[in-house]
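Please open the structure in a viewer and keep the sequence at hand.

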Amino acid sequence: EIYIEKMLPLKNGYPMCFPQPAQDLPIEYRRKGVSIGDVGVITRSGGFDFLFNVLLPAQHPINLPACLPNEFDPVSLPMLRTTSHTSADPGDSKFTSLRVDSDLDMNTRCDIHEDAGAILSLPHGASDIDMANEWHWKQYIMKHALHWYRYARDNCGRDLDRHSLYFITGCMKSKTWGIATFNTSMRNRNSELVIGKSGDIYKPSYVWKRSGGASCRSGPYPDAGLASENEMQDNTNNQCLFLRDLKLHCRRRCGIIYGILPV
């Protein structure tokens, strides 16, 4: 995946190819999107497959659809300390060696003169939040990781031989986004990418109006479940662009032995 390859060197975390929360998740989750304390899997398509959040009670609507592990223990949680900041202003782009310009209407233009590249356009900017006391949480995770692993594999049916389990420690999120990737086989030489307002209520509020032969997508698509919550939807950064996490790497030796590897 060109997008992941080109975005990883920016060191913002693991890039999400599909930032929008899955439509089949509880509406309470879709309102906020990925959060610190989420446990889940990164899918082959580049999205986050949410299973549960350890910071919230088992009876919370986000966790209710799941039959959580018996060892689910939010009572003994360490205190959570976080840091947050604005990571991108409206109209900014996270890009790789590309010339990008934005106007006052947050339309973004990018001239392509490379053989391969990727661009993440952020019409409404983006914000970061991270766990500040990660060391305290590693002790908690080591106590419970094996139970989470078994739950994800045995109860939820996730193939953890092919995918790792992740505990989210931070993320970058936005309200809107546009992603474009290109290589020599898919672009027109010296072409231009343009993203701007769509004006179509059935499409994302910003769309690629000129693709230059690149592979382009934008989001979020309208969420029918949030249609009656326009004010909340319009003011919430719930689209996850980058994940920061601890990977729960489990080795088998006379059963399952777990270790924690930061990614």
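A nonpolar core is a set of buried Ala, Val, Leu, Ile, Met, Phe, Trp, Tyr and Cys residues joined through side-chain atoms within 4.5 Å. The model shown here is predicted.

**First stop: the largest core**

Select Val 39, Phe 52, Val 54, Ile 141, Trp 148, Leu 165 and Phe 167, the residues with the most contacts inside the largest nonpolar core, which has 22 residues. Next, colour β2 (38–42), β3 (48–53), α3 (134–155), β10 (165–174) and β15 (239–252), each of which supplies at least two residues of this core. Helix α3 gives the most, with eight residues. In soluble globular proteins, nonpolar side chains tend to be buried together.

Now centre the view on Phe 167. Setting aside neighbours within four places in sequence, Phe 167 is in contact with residues including Val 39, Val 54, Met 131, Trp 137, Ile 141 and Trp 148. Its contacts also include Arg 244, Asp 245 and Leu 246.

For a second, separate core, select Tyr 3, Met 7, Ala 118 and Trp 177, which are among its 14 residues.

**Second stop: the aromatic rings**

The structure holds seven aromatic pairs. Select Trp 137 and Tyr 140: their rings form an edge-to-face pair, 5.6 Å centre to centre with 70° between the planes. Because these two residues are three apart in helix α3, about one helical turn separates them. Trp 137 is buried, with a relative accessible area of 0%, and Tyr 140 also counts as buried, at 6%.

Extending the selection to Phe 52, Trp 137, Tyr 140, Trp 148, Tyr 151 and Phe 167 shows a cluster linked by ring pairs.

Select Phe 18 and Arg 217. Here Arg 217 lies over the face of Phe 18, at 4.6 Å from the ring centre.

**Last stop: Gly 219**

Move to strand β14 (residues 215–219), where Gly 219 lies. Is Gly 219 buried or exposed? With a relative accessibility of 0%, Gly 219 counts as buried.

Select Thr 176 as well: Gly 219 and Thr 176 are 43 residues apart along the chain, and their C-alpha atoms are separated by 5.8 Å. Not counting residues up to four places away in sequence, Gly 219 touches Thr 176, Trp 177 and Pro 204. Trp 177 was also named above, as one of the residues of the second core.

Technical notes:
Residues numbered from 1 in each chain as written. Predicted model: local features only at pLDDT ≥ 70, side-chain atom pairs only at ≥ 80, totals over all residues. Heavy atoms only, no water. Buried < 20%, exposed > 50% of the residue type's maximum accessible area, 1.4 Å probe, protein only. Helix = DSSP H or I, 4+ residues; strand = E, 2+ residues; numbered from the N terminus. Contact = heavy atoms within 4.5 Å. Phe/Tyr/Trp six-rings, centres within 6.5 Å; stacked < 30°, edge-to-face > 60°. Lys NZ or Arg CZ within 6 Å of the ring centre and 35° of its normal.
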